[in-house]
Amino acid sequence: MTTATVTPRRPATESAGFGRLLFAEWTKFVTVRGWVIAMIVSALLTVGIGIWAGAGTHGQPCGEILPNGQTVGGACASPPLGPAGEMVTDSFYFVRQSLPGDGTVTARLTALDGSATPGIAGGTSALQSWAKAGIIIKASLRQGSAYAAMMVTGGHGVRMQYDYTHDTAGLPGGVSAAAPRWLRLVRSGDTLTGYDSADGTHWTLVGTARLPGLTTAVQAGIFVTSPDWVTNENASPTLASGVFDHVTVSGSGPGSQWTGQDFGLGAAYNPLSGGYRQTDGFFTVQGSGDIAPAVRNAAGGSSTADAGITGVFAGLIVALVVGTMFITAEYRRGLIRTTLAAAPRRSQVLAAKAIVIAAVTFAAGLAGSAAAVLLGERMLRGSGRVIFPVGGLTEARVIAGSAALLAIAAVFALALGVIMRHGAGPVTATIALLVVPFFFTGPMAVLQGTAADWLLRVTPAAAFAVQQVLPAYPQVSNTYTAQYGYYPLPPWAGLAVLCAWAAAALGLAGFLLCRRDA
Amino acid sequence: MTRALSAEWAKVRTLPGTGWLLLGVVAVTVAVSAGASAATSCTSSAACHPDITQLSLTGTDLGQAVVAVVAVLAITGEYATGMIRTTLAAMPRRTVMLTAKAAVVTTMALAAGTLAVGGSLLAGRLILPGQGYTPAHGYPALSLADPTVLRAAAGTVLYLALIALLSLGVATAVRDAATAIGIVLGLLYLFPVLGLAVTSPGWHRHLQQIAPMTAGLEIQASTGLSHLPISPWAGLGVLAAWAAAALLAGGLLLRLRDA
C-alpha cells in the first residue's frame with residue numbers, strides 16, 4: 001500500500017514574483033505622462049545648461065585679473081603642458097649656463113625673503129610659503145620641459161621637486177645667514193639625484209628623479225620664483241628674492257658665462273619682472289611665478305573641459321521631485337492600498353520602486369551629462385579659451401558618476417517620500433541636503449575653510465566630488481574650494497557618502513512601511 | 001473680502017503643521033546665521049568677511065526654503081485633500097480666494113521673517129565680536145540704528161514675504177506640492193550654481209541681475225554698494241516681478257481651469 005503524498009502547490013517563486021513587481025512599478029512609471037516628460041526635461045535641461053555654460057564663456061580674456069578688477073594681457077597664449085600632459089606653470093627667474101653632459105650643480109642659499117610688488121594694487125610683500133629658491137637642471141628652454149630642482153621654500157623647508165607634480169621633503173626649517181642651506185643636484189645620464197646639507201660637508205640624499213629622454217646638453221643654474229597670493233576673490237603675483245653663494249656647475253665647458261633670464265610667458269601673464277645681481281661670488285636673484293602644475297582659482301582665464309556638467313544640478317532637482325512623487329502620488333491617490341494588497345511583501349515593493357526609479361534617472365542622467373560634457377567641451381574649444389586638459393577616463397568617471405549621483409539622489413528622495421508620505425517635505429529636505437551645502441561652499445562661498453570642508457564631507461552633497469577633474473596639489477597653495485571644482489573627499493568616497501544616506505533612509509523607509517498601516 | 005480672509009486664516013491656523021513650519025523658518029534661519037557667523041574668524045584682513053550685515057543674515061539662504069514650503073502647502077494641501085472644491089463652492093470668486101490666501105501667507109512670512117531676521121542679527125551681534133569683528137578692526141557692532149543695517153533687515157523680511165508670494169503663485173499654477181517646491185527651489189538655487197560655469201564676467205553679471213535669489217538678496221548688502229550687479233532696492237524689485245508673474249500665472253490658471 002502506498003500513501004499518496006500531496007505536495008502542496010508552491011507559490012510563485014520569489015524571483016518571478018519580484019520580476020512581476022518590477023514590471024508593475026515600471027508600468028506605473030511609464031504610464032504617468034508627467035513623469036516621463038519630466039525625465040526628458042531633466043536630460044534636456046542638463047544638456048541645455050551645459051551648452052549654455054560653454055557659450056557663456058566666450059570672449060573670456062586671458063592673463064591675470066588684478067585686485068582692482070583690471071585684466072592684464074589680452075591674447076590667449078596656450079599655457080604649457082608638462083611632460084605628463086597636464087597644464088603647468090613654468091615661470092621663474094633663471095640664472096643659467098649650459099651643461100653639456102654629466103655634472104654636478106651646487107649652491108649655498110643664505111636668505112629667502114618676500115619683496116615689495118610695485119604696481120600691484122593690494123599686493124603683498126610677505127614671503128609666500130611656497131616661494132622657491134634653489135638649483136635646477138632643465139631639459140631645455142621650452143615652456144613645460146622636464147626638470148629636477150633642489151630648493152628652499154618659504155615655509156616648507158628644503159624640497160626636491162621634478163616634472164611639476166613630484167615633491168619630496170628634505171631638511172626642515174627656514175634659511176638664514178646663521179642657518180644656510182646647501183643644495184646639490186648630480187646629473188648622470190637621465191638620472192638626477194638631489195642632496196641637501198646644513199654645512200656643505202655632510203650631505204643627505206633627498207631623492208632621485210629619472211627624466212626620460214633628457215637630451216645631452218641641458219640648462220643648469222639657480223632660480224627664484226614666488227607663486228600668486230591667492231584669496232577667494234583674487235590672485236595677485238608676488239616677488240621673492242634669494243641670496244646664493246658657492247655656486248658651482250662642474251662638468252660645464254670652460255669659460256661658460258652666467259645668463260639671467262626671466263623665464264615665463266611674458267609680462268602679459270605676470271607684470272612683475274625678476275632680475276639678478278652678481279657681486280664677489282654672491283648672487284642675489286629676484287623672481288616671480290611658479291614651477292608647478294596649474295590649478296584653478298580666482299585668477300580665472302582657464303576652464304575645465306567639463307564645464308557643461310553644471311547642468312546636472314537642474315537635472316538633479318527634477319530627479320528629486322520625480323523620485324518623491326513616485327511614492328507620494330500613491331499615498332495621495334490611495335493607490336498605495338491597491339499596491340500593497342496586490343503585493344503584500346512590502347519591502348519588495350519598496351525595492352522594486354527603488355530599482356525602477358534608479359534605473360530611469362540613471363539613464364536620463366547618463367544621456368544628459370554625456371551630451372552636456374561633450375557639447376559643452378566643443379563650445380568651449382570654439383571660444384578660444386584656455387582649457388585644462390582632462391583625460392578620457394576622468395571624463396567618463398564624471399559622466400557616469402553624475403548619472404549615479406542622480407540615481408542615488410532619486411532613491412534617497414523616494415525613501416524620504418515613504419517616510420513622510422507627503423510631497424513637500426522630501427523635496428525640500430533633499431534639496432536642502434544636496435544642493436544647499438554645495439551652494440554655501442561653492443557659488444556663495446559663505447562658508448570657507450574647515451567648516452566648508454566638513455559640510456562637503458558629511459552631507460549628501462559630498463557626492464559632487466565625483467565631478468572633480470583637477471587634482472589638488474599639497475605643494476601648490478590655492479583656494480581648493482568647491483567654487484573652483486575642488487572637493488575634500490575623493491570622487492568615489494563622496495558618492496559613497498550619498499549612498500550611505502540613501503541606504504539609511506531606505507532602511508528606515510522599509511521599516512516604517514512594514515510597521516505602519518498604509 | 002473680510003470673510004474670505006477670516007476663512008483662509010482659519011484654515012491655515014487650524015493646521016497643526018503651520019505653527020511648526022513657521023517655527024522652523026525662525027529656527028533654521030537663526031541657526032544657519034549663527035553657524036555662519038561662528039564659522040568665520042577675522043584674524044587677518046584677508047580672512048575677514050567684508051560685509052558682516054550680510055554674513056549675519058546668511059540663514060535667509062536656507063530659511064527661505066521653509067517659507068516656500070509654508071506658502072506652497074497653503075494651496076496644494078487643499079488640492080491634495082479635495083478641500084479646494086469646498087473652498088471654491090463657498091467662495092466662487094476665485095481671485096478673491098487667491099488674494100485672501102496671498103494676504104494670509106504674506107502676513108505669516110512677515111511675522112516669521114521679522115523674528116528670524118531679529119534673531120539672526122542678535123546672534124551676529126553677540127557672536128561676531130568674539131570672532132575678531134571688533135570696532136578696532138573697523139567693524140562696528142551691528143545695530144538697527146544704522147540705516148544700512150535697518151534697510152538690510154527690513155528688506156530681508158520683505159524678501160521672505162516675496163518668496164512666499166512667488167511660491168504661492170507657482171503652487172497655484174502646478175497644484176502639486178512636490179512639483180511646486182521643486183520649481184521654486186530650482187528657481188532660487190539654480191541660478192547661482194549656473195554662475196559657476198559661466199565665468200565670462202558680463203554674463204555672470206546679467207545672471208545675477210535677473211535671478212530671483214541673487215538679485216533679491218542684494219538688499220542685504222551693506223558694503224561695496226557701487227560694485228553690486230544691481231542696487232539693493234532694484235534687486236528686491238526683480239524678485240517682486242518674479243513673484244507678480246508667478247501669481248498672475250497662478251491666478252489665470254485658477255480662473256481658467258476646473259479645480
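Between chain B and chain A, the count is one residue pair in polar contact, with both residues at pLDDT 80 or more. That cut-off matters here, as this is a predicted model. The rule also finds one salt bridge across this interface. Its partners are A:Arg332 and B:Asp176, whose side chains meet at 2.7 Å, N to O.

Which elements of chain B give two or more residues to the side that touches chain A? They are helix 2 (16-39), helix 4 (60-81), helix 8 (177-197) and helix 9 (201-210). Helix 8 of chain B gives the most, with 14 residues.

Now the extent of the interface. On the chain B side, 35 residues are in contact with 38 residues of chain A. The buried area between the two chains is about 3100 Å². Carbon and sulfur atoms give 79% of that area.

Next, helix 7 of chain B. This helix covers residues 147-174, 28 residues in total. From first C-alpha to last, helix 7 reaches 40 Å. That is close to the 40 Å expected at 1.5 Å a residue. Is helix 7 mostly covered or mostly uncovered? Mostly covered: 22 of its 28 residues are buried.

Look at both ends of helix 7. At the start, a side-chain oxygen of B:Asp146 comes to within 3.0 Å of the backbone nitrogen of B:Thr148. After the helix comes B:Arg175, with a positive phi near 65°.

Stay with chain B for one more residue. B:Thr87 sits in helix 5, residues 83-90. Why does B:Thr87 count as buried? Because its relative accessible area is 4%, and the cut-off for buried is under 20%. Leaving out residues up to four places away in sequence, B:Thr87 touches B:Glu8, B:Lys11, B:Glu78 and B:Met97.

On to the nonpolar cores. In soluble globular proteins, nonpolar side chains tend to be buried together. The largest core here has 150 residues. Which members touch the most other members? A:Phe29, A:Leu316, A:Phe464, B:Tyr159 and B:Tyr189. The largest share of this core, 17 residues, comes from helix 6 of chain A, residues 392-420.

Take A:Leu316 as a case. Among its contacts beyond four places in sequence are A:Leu405, A:Leu406 and A:Ala409. A:Leu316 also touches A:Leu434, A:Val435 and A:Phe464. There is a second, separate core too, of 38 residues. Its members include A:Leu99, A:Ala131, A:Ile135 and A:Ala220.

Chain A as a whole, then. Its secondary structure comes to nine helices and 20 strands. Of the 518 residues in chain A, 55% are buried. Now take contacts in chain A between residues at least 6 apart in sequence. Of these, 76% join residues at least 24 apart.

Last stop: a loop in chain A, between strand 6 (158-162) and strand 7 (166-169). What is phi at A:Asp163? Near 45°, a positive value in a residue other than glycine. A:Tyr164 also has a positive phi, near 70°.

Terms used: Residues numbered from 1 in each chain as written. Chains lettered and ligands numbered in written order. Heavy atoms only, no water. Helix = DSSP H or I, 4+ residues; strand = E, 2+ residues; numbered from the N terminus. Expected span 1.5 Å × (residues − 1). Buried < 20%, exposed > 50% of the residue type's maximum accessible area, 1.4 Å probe, protein only. Polar contact = N/O pair within 3.5 Å; in protein donor to acceptor, adjacent residues only side chain to side chain. Core = buried A, V, L, I, M, F, W, Y, C linked by side-chain atoms within 4.5 Å. Contact = heavy atoms within 4.5 Å. Buried area = accessible area lost by both parts, 1.4 Å probe. Salt bridge = Lys/Arg side-chain N within 4 Å of Asp/Glu carboxyl O.
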